[in-house]
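Please keep the viewer open as you read.

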Amino acid sequence: MEKQSGELLHATAVLVGDRGVLISGPSGSGKSSIARALMDRASTRGLFAALISDDQCQIWRASGRLMCTTPAALQGGLEVRGSGLHSVDFETAAVIHLVVELIERDHAVRFADGATAQLQGVAIPHILLPKREIEAACRAVEARLFCPQWKK
């Protein structure tokens with residue numbers, strides 16, 4: 001898989017099952033904690049999960065899909081605030097299926113409205129979630145990835 005020109009983002013990316021999640025937000029907003037929690041929760045349910053990249057994500061478009069990888073020097077390292085980088089299972093690249101943006105609580109959206117983020121010319125489902133609310137973020141990500149939307 002050869003990378004075309006892309007961009008480096010301050011973000012964290014994780015695979016849950018076969019779905020890639022790109023998590024963006026300011027430093028200290030919970031990106032690494034959400035990635036770790038999603039991996040732990042998937043493992044508990046017998047699902048595959050692995051880190052793609054923590055802190056620095058290289059993204060590019062390939063065949064109409066958004067791809068993500070990590071700089072070689074960061075592969076397999078996940079930050080635990082106050083403790084440093086720790087080794088975790090990782091994949092070198094993956095397709096991104098969901099973009100999570102961590103924002104201030106009063107700007108978060110209660111109901112997903114089908115919003116998309118445009119990254120590298122690819123429209124990706126996009127949800128806005130409150131910073132530092134790890135458990136709630138995991139539930140929202142898992143529901144968005146694996147549960148059908150209710151339609152009245």
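Before going on, a word on the ground rules. This is a predicted model, where local features need pLDDT of at least 70, side-chain atom pairs count only at pLDDT 80 or more, and totals for chains, interfaces and linings use all residues. Residues are numbered from 1 along each chain as its sequence is written, and side-chain values use heavy atoms, with hydrogens and water left out. Helices (H or I, at least four residues) and strands (E, at least two) are DSSP runs, numbered from the N terminus.

**Helix H2 and its buried side**

- Ala137, Cys138, Val141, Glu142 and Leu145 are the buried residues to look for in H2; buried means under 20% relative accessible area, exposed over 50%, and partly exposed in between (1.4 Å probe, protein chains only).
- These residues lie on the same side of H2, because they cover an arc of only 130° around the axis, taken from the directions from the helix axis to the C-beta atoms.
- Among the elements that cover the buried residues of H2 are strand E1 (7-16), strand E2 (19-24), helix H1 (31-44), strand E8 (93-103) and strand E10 (122-130).

- The structure holds eight salt bridges, each a side-chain nitrogen of Lys or Arg within 4 Å of a carboxyl oxygen of Asp or Glu.
- Arginine 41 and glutamate 135 form one of them, at 2.7 Å from N to O. This pair links distant parts of the chain, with arginine 41 in helix H1 and glutamate 135 in helix H2, 94 residues apart.
- Both partners count as partly exposed: arginine 41 has 21% relative accessibility, and glutamate 135 has 45%.
- Glutamate 142 and arginine 45 also form a salt bridge, with their closest N and O atoms 3.2 Å apart. Here the link runs from helix H2 to the loop between H1 and strand E3 (49-53), across 97 residues.
- Glutamate 142 is buried at 11% relative accessible area, whereas arginine 45 is partly exposed at 44%.

- Is lysine 131 buried or exposed? Lysine 131 is buried, because its relative accessible area is 16%.
- Lysine 131 sits in the loop between E10 and H2. Setting aside neighbours within four places in sequence, its contacts (heavy atoms within 4.5 Å) are Pro26, Ser29, Leu102, Ile103 and Glu104.
- Lysine 131 forms a salt bridge with glutamate 104, the closest N and O atoms being 2.4 Å apart. Glutamate 104 lies in the loop between E8 and strand E9 (116-119), so the pair ties together parts that are 27 residues apart in sequence.
- Glutamate 104 is partly exposed, with a relative accessible area of 41%.
- Elsewhere, salt bridges that share partners join Arg41, Arg45, Glu135, Arg139 and Glu142 into one network.

**A hairpin to look at**

- Strand E6 (residues 77-80) and strand E7 (residues 84-87) pair in the antiparallel sense over four bridges; pairing requires at least two bridges found by DSSP.
- Glycine 77 stands opposite serine 87 in E7.
- E6 and E7 form a hairpin with three residues between them, and glycine 82 in the turn has a positive phi of about 90°.
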